[in-house]
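We will go from one stop to the next, and at each one I will tell you what to select.

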Amino acid sequence: MTKPSLPDLLHAAVSAVGGTERPGQVAMAEAVAEAIDDNSHRLIQAGTGTGKSLGYLVPALAHGERVVVATATLALQRQLVERDLPRTVDALHSQLRRRPQFAMLKGRSNYLCLHRLHEGAPQDEEDGLFDQFEAAAPTSKLGQDLLRLRDWADETETGDRDDLTPGVSDKAWSQISVSSRECLGATKCAYGAECFAEAARERAKLADVVVTNHALLAIDAIEGAPVLPQHEVLIVDEAHELVSRVTGVATGELTPGQVNRAVKRSAKLVDEKIADALQTASETFERVMELALPGRLEQIPEDLGYALMSLRDAARNVISAIGATRDKSVHDEDAVRKQALAAVESIHTVAERITNGSEYDVVWYERHDRFGATLRVAPLSVSGLLREKLFEDRSVVLTSATLKLGGDFNGVAASLGLSPEGVEGDDVPLWKGLDVGSPFDYPKQGILYVAKHLATPGREGTRGDMMDELAELIEAAGGRTLGLFSSMRGAKAAAEELRGRLDNPILLQGEETLGELIKNFAADPKTCLFGTLSLWQGVDVPGPSCQLVVMDRIPFPRPDDPLMSARQKSVEEHGGNGFMAVAATHAALLMAQGAGRLVRASGDRGVVAVLDPRLATARYGSFLRATLPDFWYTTDRNQVRRSLAAIDATAKADGE
């Protein structure tokens with residue numbers, strides 16, 4: 001039997017999802033197929049509207065090897081599992097003569113734990129467990145959430161938190177879920193045979209395509225204990241997010257509250273002397289943290305170093321003692337011991353890591369008005385980890401709408417542990433970059449406007465001229481505005497100010513769930529939506545409701561961000577340009593993602609307005625502009641107002 005051709009398969013899949021075949025999608029599919037056949041690596045930039053999920057799914061399914069697809073957002077995971085994969089498998093079935101299986105796999109705490117649900121959660125103060133359903137007042141929000149979870153547990157087939165609509169608070173979910181460290185294990189648990197997390201793992205083992213998230217991919221790489229099934233092909237979608245997600249997984253933290261909980265959970269399971277030592281170490285640590293000032297710790301202060309060594313040693317003794325203890329008077333002793341052990345092990349791991357003091361780690365204090373001080377430790381870079389763990393023994397394809405920064409792939413490649421394109425050497429994974437472009441005609445569909453006449457934004461304080469400019473732009477556009485702000489404080493200040501000045505409804509992130517805000521924004525063209533980071537990447541509103549995207553300033557990391565400033569300093573110490581490698585790269589990625597909110601369909605028209613003159617005047621401005629879609633560029637404020645008014649008039653004439 002002749003093997004079906006890739007163009008035929010792609011055509012069948014695109015027809016099945018009701019899409020249009022695009023040259024960029026074909027080029028992408030061919031590059032993915034080539035990478036899989038050669039067991040090589042690709043970085044592929046595919047602009048919005050390319051149809052990139054089919055561009056990698058079709059060649060992966062055609063090849064027949066197991067493939068893992070890792071994404072950053074829940075929305076894309078759902079799209080793949082609920083829409084793209086079922087339709088593609090159906091469309092390719094007759095040509096492939098097989099029906100590839102697919103499954104979703106997440107971290108254990110994403111799944112409802114039947115043991116925790118039925119047996120209760122270990123309490124902090126006493127032996128045994130408590131019934132969280134009895135403890136929470138039925139009229140309280142927590143009580144209502146828990147009752148709804150109990151009903152949902154009887155009907156759900158997956159136990160997956162993301163299948164629960166509407167969702168519940170983190171506090172409610174924590175009452176009926178466990179981390180991988182707290183899990184008893186299927187063989188020891190009375191509910192092991194019905195376990196949702198175990199069922200998800202079993203489905204993944206049998207699947208040809210496993211859809212997961214960046215965090216689980218990072219855990220699989222970092223912790224050495226395989227979570228994902230063996231696979232020959234890894235596709236990382238939304239790959240511009242990978243480094244920050246891996247950094248998040250590799251970051252440890254210690255708080256006095258966390259240590260206190262560990263003390264309470266373990267106190268009754270070990271003898272008094274060992275418990276007292278951990279209690280004393282906890283009190284010492286708490287006293288040090290009361291005086292902690294936010295910022296990086298280039299050297300560990302003596303008092304903190306002593307507190308951490310005491311915590312480490314006391315925690316190690318508790319871990320050994322819990323491992324040896326048996327006490328039948330404790331109800332569901334295995335669960336109580338496992339949760340205590342998980343809490344103490346977490347403290348031991350972080351205390352030991354900071355005490356050992358690796359030059360490749362950054363340590364800092366954070367302070368929160370409500371929660372007090374936190375001690376954090378994160379890797380200075382994850383590039384070495386990614387080079388070693390990601391690119392060995394499999395073909396890797398990384399794709400996103402934004403991988404070329406300033407015109408080439410090398411900046412993103414360096415953050416992933418890769419050498420510049422084409423450079424060969426020992427232990428250097430070879431890769432190729434491909435930009436398949438976008439089906440959209442950016443110069444005709446969009447304008448990039450930089451408000452060059454405004455004052456350069458300072459670190460603090462309101463920007464009166466910026467507020468005036470923003471109000472005038474929104475009025476010219478007739479609403480239809482997505483406002484992307486570099487801080488929540490800035491978004492709130494703008495919303496408060498403009499609600500008093502404009503007739504347009506202004507929605508603010510945090511005042512409603514993100515899904516609800518986006519739905520309301522899309523429903524009414526006069527409405528504006530203001531917010532921060534998740535809006536820069538999470539809004540997909542084609543059509544006349546989003547015809548003006550405003551960025552209040554270039555989103556550089558804060559100068560006092562300990563991790564970013566440490567990374568910048570490290571680049572400079574090695575002879576590089578720290579500002580361009582870290583701060584400008586961070587800003588370029590965010591701006592490209594933010595600008596990508598404007599044109600989501602071939603009929604979309606509009607303006608991306610950047611209210612920061614540095615994009616036009618600073619030396620790094622050309623690097624940032626080269627990362628943005630190729631919109632028509634202007635600094636003429638009158639021209640842009642006329643264009644917005646014309647776009648508004650056209651939308652009204654078309655009946656919106």
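Begin by selecting strand 16 and strand 17 (residues 528-531): they pair in the parallel sense over 3 bridges. Two strands count as a pair if DSSP finds at least two bridges between them, and strands (E, at least two residues) and helices (H or I, at least four) are DSSP runs numbered from the N terminus. Show the side chains of Leu508 and Phe530, because Leu508 stands opposite Phe530 in strand 17.

Before moving on, a word about what is on screen. This is a predicted model, in which local features need pLDDT of at least 70 and side-chain atom pairs count only at pLDDT 80 or more, while totals for chains, interfaces and linings use all residues. Residues are numbered from 1 along each chain as its sequence is written, and side-chain values use heavy atoms, with hydrogens and water left out.

Angles here run from 0 to 180 degrees between N-to-C directions, and axes are lines fitted to C-alpha atoms, for helices over the stretch in contact. Helix 24 also packs on the sheet, where it touches strand 15 (481-484), strand 18 (548-551) and strand 19 (606-610). The direction of helix 24 makes about 160° with that of strand 18.

Select the whole sheet next: it is open, has 7 strands in the order 16-17-15-18-19-14-20, and pairs in parallel. At its edges you will find strand 16 (506-508) and strand 20 (632-634), each pairing on one side only. Neighbouring strands of this sheet are turned by 15° against each other on average, direction ignored.

**Helix 23 against helix 24**

Two packed helices are described by the angle between their axes and the distance between the axes. Select helix 23 (residues 562-573) and helix 24 (residues 578-595): their axes come within 7 Å and cross at roughly 145°. On helix 23, the contact (heavy atoms within 4.5 Å) is made by Met564, Arg567, Gln568, Val571 and Glu572. Helix 24 contributes Gly578, Phe579, Ala581, Val582, Ala583 and His586. Colour these residues by class and you get 6 nonpolar, 3 polar and 2 charged. In this scheme Ala, Val, Leu, Ile, Met, Phe, Trp, Tyr, Cys and Pro are nonpolar, Asp, Glu, Lys and Arg are charged, and the others, Gly among them, are polar.

Zoom in on strand 2 (residues 67-71). Is it enclosed or open to the outside? Of its 5 residues, 5 are buried, so strand 2 is largely enclosed by the rest of the structure. Buried means under 20% relative accessible area, exposed means over 50%, and partly exposed lies in between (1.4 Å probe, protein chains only). Val67, Val69 and Thr71 are buried on one side, and Val68 and Ala70 on the other.

Then bring in the neighbours. Strand 2 runs parallel to strand 6 (residues 209-213), joined by 5 bridges, and Val68 has Val210 as its bridge partner there. Towards strand 7 (residues 233-236), also parallel, there are 4 bridges, with Val69 opposite Ile235. Follow Ile235 onward: its bridge partner in strand 12 is Val397, and 4 bridges join strand 7 to strand 12 (residues 395-400).

**Last stop: Asp435, then zoom out**

Asp435 sits in strand 13 and is partly exposed, with a relative accessible area of 34%. Leaving out residues up to four places away in sequence, Asp435 touches Gln45, Lys404 and Phe409. Draw a C-alpha to C-alpha distance from Asp435 to His586 and you get 20 Å, across 151 residues of sequence.

Finally, show the entire chain, with its 27 helices and 20 strands. Its C-alpha trace spans about 75 × 70 × 60 Å along the principal axes, and buried residues make up 52% of the 656 residues.
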